[in-house]
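Have the chain in view as you read.

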Amino acid sequence: MVERCPRCGHKFERGPGFWLGAIMINMAFTFGVFLLIFVGGMVATWPDTPWTSLLVVTLLLNALFPVLFHPFSRTIWVGLELAFHPLEPGEEIDAASFGTGEWSVAGLAAD
Ligand SMILES: [Zn+2]
């Protein structure tokens with residue numbers, strides 16, 4: 001992942017431990033998909049649930065989904081974090097000095 005937004009210069013990692021939120025989102029989505037597949041598979045095949053197949057599928061899912069979902073969880077976290085914790089004036093100035101000027105957070109704040 002790039003360090004900054006190529007357009008506005010916003011630095012994604014705003015402090016130490018910033019990506020813990022993305023990890024939490026990734027875990028929540030992984031658990032949600034796991035539950036959906038596990039319970040869905042169980043309900044769809046009840047009472048002859050193929051437990052071994054369901055175990056293999058859910059184990060693979062729990063190993064692969066977080067890796068594939070990683071970039072999306074980071075994007076979701078950056079968006080949520082910005083929505084709940086807008087940039088400080090110092091961060092806006094920093095972003096403006098790295099952005100292309102095509103669109104800038106600092107320019108938005110001045111309006
Ligand atoms: Zn941007």
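**From fold to helix packing**

The protein's secondary structure consists of four helices and zero strands, where helices (H or I, at least four residues) and strands (E, at least two) are DSSP runs numbered from the N terminus. Read from the N terminus, the order of elements is α-α-α-α. The radius of gyration is 20 Å, well over the 13 Å that the globule rule gives for 111 residues, so the protein is more spread out than a compact globule; the radius is taken over C-alpha atoms, and the rule is 2.2 Å times the number of residues to the power 0.38.

A word on the source: this is a predicted model, in which local features need pLDDT of at least 70, side-chain atom pairs count only at pLDDT 80 or more, and totals for chains, interfaces and linings use all residues. Residues are numbered from 1 along each chain as its sequence is written.

The C-alpha trace spans about 65 × 25 × 20 Å along its principal axes.

Now look at the loop between helix H1 (20-45) and helix H2 (51-84), where you will find Pro47. Pro47 is joined to Trp46 by a cis peptide bond, with omega about 5°.

How do the helices on either side of that loop pack? H1 and H2 lie with their axes 6 Å apart, at an angle of about 145°; axes are lines fitted to C-alpha atoms, for helices over the stretch in contact, and angles run from 0 to 180 degrees between N-to-C directions.
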